[in-house]
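Please describe the sheets and pockets of the structure shown below, with the cut-offs behind each term.

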Amino acid sequence: MSSVVLKHLTKSYDGKKKIIDNINLEIKDKEFVVLVGSSGCGKSTILRLIAGLEDITSGEILIDNCVVNNIHPKDRDIAFVFQSYALYPHMSVFDNIAFGLKMRGYKKDVIKNKVLETAKALNLEDLLERKPKQLSGGQRQRVALGRAIVRNPKVFLMDEPLSNLDANLRVQMRSEIKRLHQKLQTTFIYVTHDQTEALTMGDRIVVLNGGKIQQADTPEVIYNAPKNKFTAGFIGQMNFIDVNVDKGHFELAGHDFETDKNIEGAVTIAIRAEKMISGSQSIYVKPEIIEMTGSERIAYFNLNGSKCMAKLPLEYSVDDKIELKISVRDMYFFDINSGEAI
C-alpha cells in the first residue's frame with residue numbers, strides 16, 4: 001500500500017498568513033493525483049511537506065497509514081523529481097541514476113542491474129556514459145525520472161517536471177510519465193500549473209487556490225461540473241457574464257433566455273469558449289480580435305459588458321459580425337458574491 005493522507009495540514013511562516021490552510025486529502029494507493037493551481041497557491045509547498053523538506057505547522061501526514069511528521073526525508077521512501085532536474089553535472093548518466101542506490105549501500109552488481117533495467121525502460125541505454133551537459137532537455141528529464149524510479153519508492157513526487165521543455169517534448173514526456181505510472185503501479189503526486197497536463201495525466205485533479213482545496217475529483221467531473229467560479233475559470237477557457245434573472249428570464253445581447261433553475265436576481269453565468277457556437281439560439285456580436293491557431297480561430301468580443309471568447313472552426317463565417325449559437329443547457333450558474341455553483 002502506498003496511500004498518502006493529509007489531515008488538517010497547515011503551513012505558515014513566522015505565524016503569518018497560512019500558505020496551506022487546513023487541507024484534508026486522501027490519495028489512494030497507485031493513484032495518479034495532479035495538484036493544479038496558479039503560482040503561490042501552495043501546491044509545491046504540499047509536495048515539500050510530504051517529502052519532509054519543510055516542517056508542517058500543524059496537522060498530520062500519513063504514508064502507508066504511518067504518521068511521518070517526525071520521520072527524516074530519507075526514511076519516508078519517497079522519490080522527488082524537481083523542475084530543475086537537479087542532476088550532478090560531474091557525474092555520468094549511469095552514476096546519476098545509481099547515486100541513490102550507492103548511498104543506501106547496494107552491492108555493485110545489484111546497482112548495475114537496476115540501472116540498466118531503468119535505462120532500458122527510459123531509452124537511455126546509449127547515453128549512460130554521457131554527462132548532463134551533453135544531453136538535451138528531454139534526455140535530462142528522463143535521467144531525473146530514472147534516478148527516482150531506480151529506487152522503487154512507495155510514492156513519486158513531481159514538481160512541474162516538464163515546465164522547462166518545449167511544446168513537442170512536453171507532449172512526448174506526458175505520455176512517457178503516464179506509461180511509467182501504469183508500468184510501476186505506484187502512487188504519483190504531480191504538481192503543475194498547466195491545465196492540459198492536469199486533464200490528460202491525472203486520475204484525479206486537486207484544484208488549489210489560496211492554500212485551500214477548491215475541488216478534488218476526476219478530470220471529467222472537474223471539467224463538466226465545477227463546484228465554483230474559480231475551478232470553472234482555471235480549467236478550460238470559460239466566459240463569465242453577469243446577468244439579472246427575473247422570473248426565470250435573463251438577457252444576452254438583447255436576446256431573451258430562460259432557465260428552469262430557481263434563481264432570482266443578479267448571478268454570474270459561464271459558458272465555455274467551445275460551446276459558444278454549439279447551441280440553438282442565435283445572437284450576433286462584433287469581434288474585436290480574431291486569432292488563428294492553425295486548427296481553429298478564436299474570436300474575442302464584448303458581451304453584456306464582459307470580455308468573452310469563442311472557438312470557431314476555420315470554415316466558420318467571420319465578417320463584421322459573428323453569429324453565435326448558445327443554449328442555456330451549456331451554461332453554468334454561480335452565486336455572484338460567493339462564486340459557488342447554483
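How many nonpolar, polar and charged residues does the lining of the largest pocket have? By class, that lining has 13 nonpolar, one polar and five charged residues, where Ala, Val, Leu, Ile, Met, Phe, Trp, Tyr, Cys and Pro count as nonpolar, Asp, Glu, Lys and Arg as charged, and the others, Gly among them, as polar.

This is a predicted model, in which local features need pLDDT of at least 70 and side-chain atom pairs count only at pLDDT 80 or more, while totals for chains, interfaces and linings use all residues. Residues are numbered from 1 along each chain as its sequence is written, and side-chain values use heavy atoms, with hydrogens and water left out.

**Pockets**

A pocket is, on a 1 Å grid over the protein atoms alone, an open set of points where a 1.4 Å probe fits, with protein on both sides within 12 Å along at least five of seven lines, and its lining residues have an atom within 4 Å of a point. Grid points are joined across faces, edges and corners, and a volume is the space filled by probe spheres set on the points.

| Largest | about 600 Å³ | β6 (78-81), α2 (93-103) and α4 (137-149) |

Helices (H or I, at least four residues) and strands (E, at least two) are DSSP runs, numbered from the N terminus. Of the 19 residues that line the largest pocket, Phe80, Phe99, Arg104, Arg147 and Arg151 lie nearest its centre. The lining of the second largest pocket includes Lys114, Glu117 and Leu184, and divides into five nonpolar, two polar and three charged residues; its largest share, four residues, comes from α3.

**Sheets**

Two strands pair if DSSP finds at least two bridges between them. Four strands form an open antiparallel sheet in the order β2-β1-β4-β5, with β2 (18-27) and β5 (66-67) as the edge strands, each pairing on one side only. Strand β4 (residues 58-63) is joined to β5 by two bridges, and Leu62 stands opposite Val67 in β5.

A further open sheet has three strands in the order β16-β17-β18, again with antiparallel pairing, and its edge strands are β16 (287-292) and β18 (306-313). Strand β17 (residues 296-303) pairs with β18 over eight bridges, and Ile298 has Lys311 of β18 as its bridge partner.
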